[in-house]
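Subject: Structure handover and findings

Hello,

Here is the structure for your work. The findings follow below it, beginning with the pocket.

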Amino acid sequence: MIGLRTLGVALMAVILAVPLTPAAAGADRTATGHRAAATRAAAATDVLASGLSIPWGIAALPDGGALVTERDSGRIWRVKPGTRASVVYTVTETRPAGEGGLLGIALSPDFARTKAYFIYYTTATDNRVARVVLGSTARPKPIVTGIPKGTIHNGGGLVARSTGYLYIGTGDTGNRALAQNTKSLGGKVLKVNLNGAAASGNRWGRVSSIGHRNVQDLVFSPGEKRLWATELGQDTHDELNYLVVGGNYGWPICEGVCHRAGFRDPARTWSPAQASPSGITTVTTGSVTRFYVGALRGQRVWKIAVSGATAPSATPKLIGTYGRIRGVQGRGDGSLWIMTSNGGGTDRVIRLRPAP
Ligand SMILES: [Ca+2]
């Protein structure tokens, strides 16, 4: 009996050991471990800065940080994971009122050498774009002045192209006739050289495209192949537009998709309740790029598949999770930074890793 029992124990040990051979057990544990890590990563959110009020523009810095503008205070914050956010500059000549104030920000294409960046802000007399050097206390050097200002529809988006152009999104300031007036800088996308002079190829001086109501932000697709912009519509149609030089985007004659000769239809529209789209960015993971748009009234982030000049699908993410969302910034590590826009010193810069 003892011998049989010993044999039985030995057999049981063999049976138990079969699935636990070192190779099989190791592979199993590794796979499970990866799944667990992926699950944790999907839920990873880090508050990178808090206590802000209406952060508006964000520009990624090459060191993994970012510059963030605060609309009403005129402050520019440096935000970086693992460090405390700090004010690096204050735009004292901005005069915030309504939707005006310190708005967009973009690094100059020669930032690595010059540490220069551009800001869009409202003054006592206009909206303007100026050049600032990180680390310098010198006053902003204006490169484009005379963009119409108002208490609403001040535009404010900026994006630079590596080949030396700056694109500027403006608004109609509530005076809708400006959008079709090619002599006004309001309700337009401007394309200028880094010194503010009109870029070659524009049809109307600094004006690249017309018929915009209130351009919020701009972003290039990977490889700078195409330029995209978010635009706030009136009552029915917010827009995602693929921009071309010389294009007429319809406002105020046409809002949303009109199928009308001479006007460019948006690639995508939303109702303002679902969207009120503001910041736009891209996140590339492997060979796949997705666009992300922060929604103010919609209190969400839209994840958008873009194919060529079309945007075939859009998926809402984070509905209601953080309140109003304005600035968004994709990062090379596959994460997405978002900025809330709830006001009262409650706003945050949050990293979602990976992008939702
Ligand atoms: Ca339009």
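The largest pocket has a volume of about 860 Å³. Its lining takes in 40 residues, and those closest to the centre are Ala-60, Val-159, Ala-160, Val-219 and Gln-329. Two or more lining residues come from each of the strands S2 (55–60), S6 (102–107), S10 (157–161), S14 (215–220), S18 (277–285) and S22 (325–330). S18 gives the largest share of the lining, 7 residues. The search runs on a 1 Å grid over the protein atoms alone; a pocket is an open set of points with protein on both sides within 12 Å along at least five of seven lines, a cavity is a set where a 1.4 Å probe fits but cannot get out, and lining residues have an atom within 4 Å of a point. Grid points are joined across faces, edges and corners, and a volume is the space filled by probe spheres set on the points.

On provenance: this is a predicted model, in which local features need pLDDT of at least 70 and side-chain atom pairs count only at pLDDT 80 or more, while totals for chains, interfaces and linings use all residues. Residues are numbered from 1 along each chain as its sequence is written, and side-chain values use heavy atoms, with hydrogens and water left out.

Overall figures

The secondary structure comes to 3 helices and 24 strands. Helices (H or I, at least four residues) and strands (E, at least two) are DSSP runs, numbered from the N terminus. Of the 356 residues in the protein, 51% are buried. Buried means under 20% relative accessible area, exposed over 50%, and partly exposed in between (1.4 Å probe, protein chains only). Among contacts with a separation of 6 or more, 51% are between residues 24 or more positions apart; contact means heavy atoms within 4.5 Å.

Calcium site and cavity

The calcium ion has as its protein donors Glu-239 (OE), Glu-239 (OE) and Tyr-249 (O), which lie 2.3 to 2.4 Å from it. Glu-239 is in strand S16 (residues 238–243) and Tyr-249 in the loop between S16 and strand S17 (268–270), 10 residues apart. Donors are N, O and S atoms within 2.8 Å of the metal (3.2 Å for Na, K and Ca); water is not among the atoms, so sites may look incomplete. Both Glu-239 and Tyr-249 are buried.

Asn-241 is also in strand S16, and is buried with a relative accessible area of 0%. Its side chain makes a polar contact with the side chain of Glu-239 (3.0 Å). A polar contact is a pair of N or O atoms within 3.5 Å; within protein, one must be able to donate a hydrogen and the other to accept it, and residues adjacent in sequence count only if both atoms are side-chain atoms. Leaving aside neighbours within four places in sequence, Asn-241 is in contact with Leu-227, Trp-228, Ala-229, Glu-231, Tyr-249, Asp-265 and Pro-266.

The whole structure has 1 cavity of 30 Å³ or more. The largest cavity has a volume of about 40 Å³. Glu-239 and Tyr-249 are among the residues that line it, including also Arg-213, Glu-231, His-237 and Trp-251.

Hairpins

Strand S3 (residues 66–70) and strand S4 (residues 75–79) pair in the antiparallel sense over 4 bridges, with Thr-69 opposite Ile-76. Two strands pair if DSSP finds at least two bridges between them. There are 4 residues between S3 and S4 in this hairpin, where Gly-74 takes a positive phi near 75°. S4 also pairs in the antiparallel sense with strand S5 (residues 86–90), over 4 bridges, and Arg-75 stands opposite Thr-90. That hairpin has 6 residues between the strands, and Gly-82 takes a positive phi near 85°.

Backbone points to check

Most residues other than glycine have a negative phi, and most peptide bonds are trans. Thr-173 has a positive phi of about 60°; this residue lies in the loop between S11 (165–169) and S12 (189–193) and counts as buried at 15% relative accessibility. His-259 has a positive phi near 50° and lies in the loop between S16 and S17, exposed with a relative accessible area of 71%.

The peptide bond from Trp-251 to Pro-252 is cis, with omega near 5°, and Pro-252 is in the loop between S16 and S17. Arg-353 and Pro-354 are also joined by a cis peptide bond, with omega about -5°; Pro-354 lies in the segment after strand S24 (347–353).

Regards
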